[in-house]
Each structure stands twice: as C-alpha cells, then as structure tokens.
Amino acid sequence: MNKTDMNLLEAIADLHEIPAGAYNLRINGGGHSRNSTANIEIVPKEDKPGIDIIVAPDTKNESVHIPVIITESGIDDLVYNDFYIGDNAEVLIVAGCGIHNSGDEKSQHDGIHTFHIGKNAKIKYVEKHYGEGDGKGERILNPVTVIEQDEGSVCEMEMVQIKGVDSTVRDSKAYLKAGAKLIITERLLTHGEQYARSDMDVYLEGEDASAQIISRSVAKDKSKQIFHPNAIGNARCRAHVQCDSIIMDEANVSSIPAITANSADAQIVHEAAIGRINNDQLIKLMTFGMNEEEAEEVIISGFLK
Amino acid sequence: MLKLENISFSVDVDGKGLGIIDNISLEIPDGAFTVITGPNGGGKSTLARLIMGIEKPTAGRILYNGTDITDMSVTERAKLGIGFAFQHPPRFKGLTVRRLLSLAAGYELPEDECCSYLTSVGLCSKDYLNREMDNSLSGGEAKRIEIATLMARKLGVAIFDEPEAGIDLWSFSMLVESFKAMSSGNHNSVIVISHQERIMQLADTMIVIADGKVRTMGSKDEVFPALMGEFSENCGFRGKEAGGNE
C-alpha cells in the first residue's frame, strides 16, 4: 500500500497498519487482502462482488475491519457484504470508505450491507465516509443497509460523513424482533455543492423492541441535505427519532422525521430542529479570545462529536 | 485601569434613537472589587456589554491601561485580558463542561483543576465534568458553570453580569465565598453587576446606575449606607425581581 492508501485508511478506520484479527481490504474495486480468524470467517461471494462475514455464536471481544479505498478516477464499485452474526456473539465491525479522486471522472462506491444478527448478539458498527483529491471527478457513496435483528439482540451503528463526499444517498432499513434494541447515530457535514440524503425505515415488529435514531448534521455553503427517518411500531415498543441540524451560508436542509404506530402500545416520539449557530454562542467563545471562525469550528466539532 | 469617557449608547426604535446609556464617564481602578447596581432597565448590563465589546458605543471612548479599545472586537479585548460572564449563558450541544473550561483557560485543563473550579461554584465536580453544556442543565447549573469559566482564566478585568440570578439560596453562600476569594485572587479587577446585599458587602467601589447615568459612585462605605437608606424609604430596588436583561 502507498501513502495515499494509508492516509485514507487512517481517515476512515483510524488504522495505521493492516489490522490485527479478521479483515478484508478492498482497493479500487477488487479484494486486496483478507484474513479470517477462528471465530470470524470472511468468504468472497461467488455470484457477485462482495463477501460474507460469518461470526460464530458466542464469539466475544473480537473485531472485523472491512475498509474500502478508491484512489483511481472513474471507478464504479458495487459491493455486497452480508454479515451473519451468531447467537450471543459480541463484535465490533469497522467499515468505511475513503475516496481519493484526483482525476476528472467520477468515483463511486455503493456498499450493500445486510446484517443478520442472531439472538442476544451484540454488535457495534462504525462507518466513516471520507473523500479527498483535487480532481474535478465527483466522489459518490450510496450505501444501502438492511438490518435484521433477532430476539434480544443489540445493534449500535455509528455512521459518519465529515468531509469530501460530493453526493450520498443512504438507504437503511431495520427489522426488530422482540426485545431487540437498535441505536443509530448519524453525523454528517456537507460543504460546497454537496448533496446528502438519508432515508431510514425502522420496523419494530416484536414486543419490547426499541430504537433510537439520532441524526446530527451541519450544512455549509450551498450544500443540500434531506433526512427522512421513519419509525414504525407494530407491537408494544419504544422508539425515539431525533434530527438536529445546523444550517449555514446558503445551505438547504430538509428534515422529515416520520413515526407510525400500528399498535396502541407503541410509544414513538420524534423531534426535529434546524437552526443557525446562535450569536450568543459565538460571542461567548469570542470572549475566550477566539475569532469568529475558530468559535464556529468549536461549535460545529462539538455538535458533531 | 479601565476608563470610560463620555460613553453613550442608543438603539434605533422605529427610526428614533432610544438612549440606553447617557454620557457616562467613570474609572475602574486596578485591584478593586467593583459592584455596579441600580434599578432594572437602568443600563447596567448594557454598560458591561460595552466594556466587553459586544455592543459598540454611539459616542465616547473606552481606555484600557491607556489603550483606546473603543473600536476593538470582542476577541481583541479578550486577548487583552477582559472577560465576561453572561447573565443568560448560551448552551452548546455536544460541548462538555470540561471542554468549555479548557477553552476558557486556553489549554487542556487537568481534571483536578477543573474540579476545583466547579467545586468553588458549588457543583459536585465529578458529576459535571463530562456533562454537556446543553439544555439538560438547569438555569442555575449553567449559570454556575458560566462563573467557573471566568475562574479558569487570569484576567485584567473580569465582569460578571448578575451572577446570583437563578442561583438557589444554598449555593449563593458558596458563591459569595468564591467572589470573596476572587477579589484577592486570579483577576486584577472584578466588576460584578448585582442586586445582592451580600455581594455589595464585598465591594471596594460601588457604582449606582439609573436611567443610563451614574447616580452615585464611591467607596462602599460612602455609597452602601445611603443606598440602604433609600431602600427603606421607598421600596424601589429590593421588591423588584432580579434578572432583567437591561
């Protein structure tokens, strides 16, 4: 791997070297290297691009890294990753895609991820999207995520897109059985003329399933964001949807949280707020000796932390 | 030394100028604890905001240690050593109390130092260090953290705008102690806008502002007894609720 690859790897997965444990590294539309462990098996798909990640039941304290890097202009990468998490397993999954596009053609990566999470299994999934490069070519990421949670399972997802992605359309769906718990935290910053859209449908199918969806975003310059999370309660369940955005410059943010109850015992709440940085916040930080830009930076990075 | 020369400030209301501060001149001596008091709507908070640079005067000059700071920004004045604790502190989503105190100090504060500032404003520090400065804090909690942000700095002039507003009686005693310590501590001079007798008792200098003008100014021994006499004659100040944003 060269320096650009390593930089991207660090930006999306905090990795300074090839990770220990199970991993699959994909570069420019092809598998680069891969490692399975006793409990976590990574198998390339035969019918289409992508991998199956199979975590054995009762696996504890292990992690899987599946970073994707694109450094060539004009790559259009579509990949299917299926996760099979055995009952009672507890794993950390670190995904993410970094694009360095210094050419004039677009570079695109669409990751189709499906999670089958077994009974009482617990996963934490962290995904960072990042783009760089000074070419005119667009950097596009369109992830599709499907989550199927069996009884008593816990899925915590952290999805972050902080910089450099020109266009992203995110489509997520989750299906929760009894006692399953889903926590999704989405953090997004768009600038320039970027476009980001996130559609999310969470179906709470079983008794006492619960979901918490938190979306925090900052839209700068002329960028445009659309959020449309929908929590659908089909049984006695709890869900909380929260969308909170800071709007700046000439940006445009549309927040459309939806909640649907098909059971009288479903308790579902949504909150949404869009607002600019408040002047008192800026002044307060300026009384510490920061200038306006520094104050803005502190407010934004705190908000997206 | 902070010096205000013929400071006036007015705002535009329906095309007409409404005077808030009317030709005020005063000096805040170094090393002094100055309490500014007076009726609500008299211009106290505006005066403090003019000193910090949040508002710019429509006439007059402000001098700090001989330098004309009238046209300086909030940032520049902060760098010169002027600090301000808001009457209604703003909230920050995602910013922890510890981070805010560190930003105030200008460097990453060690945990024990953060704790000592929080303790001195009556907050159990361990519970608060990693709390976010958002709307989950009560008004009194946010207010005490605001005061702590000035404690974390070494200032030439530290200005507190009604620090007692929204603080319960139990914490208030502690706050008075903290201000007592502050008068001989970190900051060169301390200016407190207050309606509280116990804070006035700490004053070296007292300034009474009413109708945008200095009504009285002098040492505590000169001003305080007269003020108390005024209270008993006409219940003008005491009966009014503290906390207006002048």
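1. A residue counts as buried if 20 or more other C-beta atoms lie within 10 Å of its own, as exposed if 12 or fewer do, and as partly exposed in between, with C-beta atoms placed from the backbone. Helices are DSSP runs of H or I with at least four residues, strands are runs of E with at least two, and both are numbered from the N terminus. Helix α1 (residues 44–52) of chain B shows both terms at work. Nine of its nine residues are buried, so the helix is largely enclosed by the rest of the structure. They run K44(B), S45(B), T46(B), L47(B), A48(B), R49(B), L50(B), I51(B) and M52(B). G53(B) follows α1(B), and its phi is positive, near 95°.

2. A word on the basis. This is a predicted model, in which local features need pLDDT of at least 70 and side-chain atom pairs count only at pLDDT 80 or more, while totals for chains, interfaces and linings use all residues. Residues are numbered from 1 along each chain as its sequence is written, and chains are lettered from A and ligands numbered from 1 in the order in which they are written.

3. Next, the cores. A nonpolar core is a set of buried Ala, Val, Leu, Ile, Met, Phe, Trp, Tyr and Cys residues joined through C-beta atoms within 7 Å. The largest one has 85 residues, and I51(B), L100(B), L101(B), A148(B) and I159(B) have the most contacts inside it. Helix α6 (residues 139–151) of chain B gives the most to this core, six residues. Apart from it lies another core of 64 residues, with I51(A), C97(A), Y175(A) and F227(A) among them. In soluble globular proteins, nonpolar side chains tend to be buried together.

4. Now a helix pair in chain B. The axes of α3(B) and α6(B) come within 8 Å and cross at roughly 35° (axes are lines fitted to C-alpha atoms, for helices over the stretch in contact; angles run from 0 to 180 degrees between N-to-C directions). Residues are in contact if their C-beta atoms, placed from the backbone, lie within 7 Å. On the α3(B) side, V97(B), L100(B), L101(B) and A104(B) make the contact; on the α6(B) side, I145(B), A148(B) and T149(B) do. Beyond four places in sequence, L100(B) touches F92(B), L95(B), M133(B), I145(B) and T149(B).

5. The chains meet. Here 18 residues of chain B are in contact with 17 residues of chain A. On the chain B side, α2 (74–80), β6 (82–85) and α3 (97–105) each supply at least two residues. The largest share, four residues, comes from α2(B).

6. Helix α2 (residues 279–286) of chain A deserves a look. Six of its eight residues are buried, so this helix is largely enclosed by the rest of the structure. Q281(A), L282(A), I283(A), K284(A), L285(A) and M286(A) are the buried ones. Their cover includes α3 (292–303) of chain A, together with α2 and α3 of chain B.

7. Helix α1 (residues 3–13) of chain A has L8(A), L9(A), A11(A), I12(A) and A13(A) buried. They cover an arc of only 165° around the axis, taken from the directions from the helix axis to the C-beta atoms, which puts them on the same side of α1(A). D14(A) follows, with a positive phi near 55°.

8. Last, L204(A), in strand β16 (residues 195–204) of chain A. L204(A) is buried, with 32 other C-beta atoms within 10 Å. Its contacts beyond four places in sequence include L176(A), A209(A), I232(A) and C237(A).

Key
Contact = placed C-beta atoms within 7 Å.
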